[in-house]
Amino acid sequence: MRAVATCFVRSVTILWLAFSASGTPASAQDSIPPSADEAAATKAALAWLDLLDAGMYGQTWEAAAEAFQSAVTKANWEQSVVSARDPYEPFGARVLFLARYTEELPNAQPGEYFILQYRTAVSEDRTVVETLVPMRDPDGVWRVAGYFVRPE
C-alpha cells in the first residue's frame with residue numbers, strides 16, 4: 001500500500017513542498033503562533049477534510065490554498081486523491097497528534113503554515129497518518145496547501 005502513497009506524492013506537486021521523501025514532515029524553522037491562528041488553521045483543515053470524506057474532491061480543490069491550485073489542476077487532483085484514498089476507505093475517527101507552526105518549508109514560498117497530523121481509523125481495522133498543511137493565503141484566510149496520507 002505504500003506504493004500508492006508514494007505515487008500520490010509524485011502526482012500532486014504541492015504535497016512535495018511540505019514533505020520529505022519518507023512522507024514525514026520536513027524540518028522547518030518553528031515559532032510559536034497566536035493560538036487563534038492554530039484554531040483557525042485547524043478549523044479550515046477539518047472543514048476541508050469533511051469535503052474530502054464526503055467524496056467532494058472537486059470542492060476540496062476549490063477550497064484549497066492558491067499555491068495548491070497553482071501546483072495541480074482540478075482534474076489531476078481529483079484523479080490523484082481517488083487513487084490515494086480508495087485503498088483505505090472508509091475513513092473514520094481522527095486524532096490529532098501533531099500541530100506545528102512554521103514560516104518556512106523546503107521548496108515552498110515563505111509564509112505561515114501549520115503542519116497537522118492525524119492518526120485516522122480506516123477500513124479493516126487499520127490506521128493511517130493524514131498530514132495536512134494549512135497556510136495563510138494572501139487574503140488572510142487559512143486554507144489547505146498540502147495533503148498526504150500514508151499507512152501507519
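**View 1. Glu62 and the residues it touches across the sequence.** Setting aside neighbours within four places in sequence, Glu62 is in contact with Gln69 and Lys74, where contact means heavy atoms within 4.5 Å. Glu62 itself sits in helix H4 (residues 57-63); helices here are DSSP runs of H or I with at least four residues, strands are runs of E with at least two, and both are numbered from the N terminus. Lys74 is 12 residues away from Glu62 in sequence, and their C-alpha atoms are 7.9 Å apart. Glu62 comes out as partly exposed, at 47% relative accessibility (buried is under 20% relative accessible area, exposed is over 50%, partly exposed is in between, with a 1.4 Å probe and protein chains only). A word on the source: this is a predicted model, in which local features need pLDDT of at least 70 and side-chain atom pairs count only at pLDDT 80 or more, while totals for chains, interfaces and linings use all residues. Residues are numbered from 1 along each chain as its sequence is written, and side-chain values use heavy atoms, with hydrogens and water left out.

View 2. H6 covers residues 74-85, and its 12 residues reach 16 Å from the first C-alpha to the last, close to the expected 16 Å (that is, 1.5 Å times one less than the number of residues). Trp77, Ser80, Val81, Ala84 and Arg85 are the buried ones in H6. They share one side of H6 because they cover an arc of only 110° around the axis, going by the directions from the helix axis to the C-beta atoms. Over on the other side of H6, Ala75 and Gln79 are exposed.

**View 3. Where H3 crosses H6.** Helix H3 (residues 35-53) packs against H6 at an angle of about 80°, with the axes 12 Å apart. The axes are lines fitted to C-alpha atoms, for helices over the stretch in contact, and angles run from 0 to 180 degrees between N-to-C directions. H3 and H6 are therefore roughly perpendicular to each other, a label for angles of 65 to 115 degrees (under 35 is roughly parallel, over 145 roughly antiparallel, the rest oblique). From H3, Trp48, Leu52 and Asp53 meet Trp77, Val81 and Arg85 of H6.

**View 4. A cis peptide bond at Pro90.** Between Glu89 and Pro90 the peptide bond is cis, with omega near 0°. Pro90 belongs to the loop between H6 and strand E1 (94-102).

**View 5. Two loop residues with positive phi.** Most residues other than glycine have a negative phi. Asn107 has phi near 60°, a positive value, and isn't a glycine. You'll find Asn107 in the loop between E1 and strand E2 (113-122), exposed at a relative accessible area of 62%. Glu124 isn't a glycine either, yet its phi is positive at about 60°. The loop between E2 and strand E3 (126-136) holds Glu124, which counts as exposed at 67% relative accessibility.

View 6. For the protein chain, the mean pLDDT is 82, and 78% of residues reach 70 or more.

Notes. pLDDT = per-residue confidence, 0-100.
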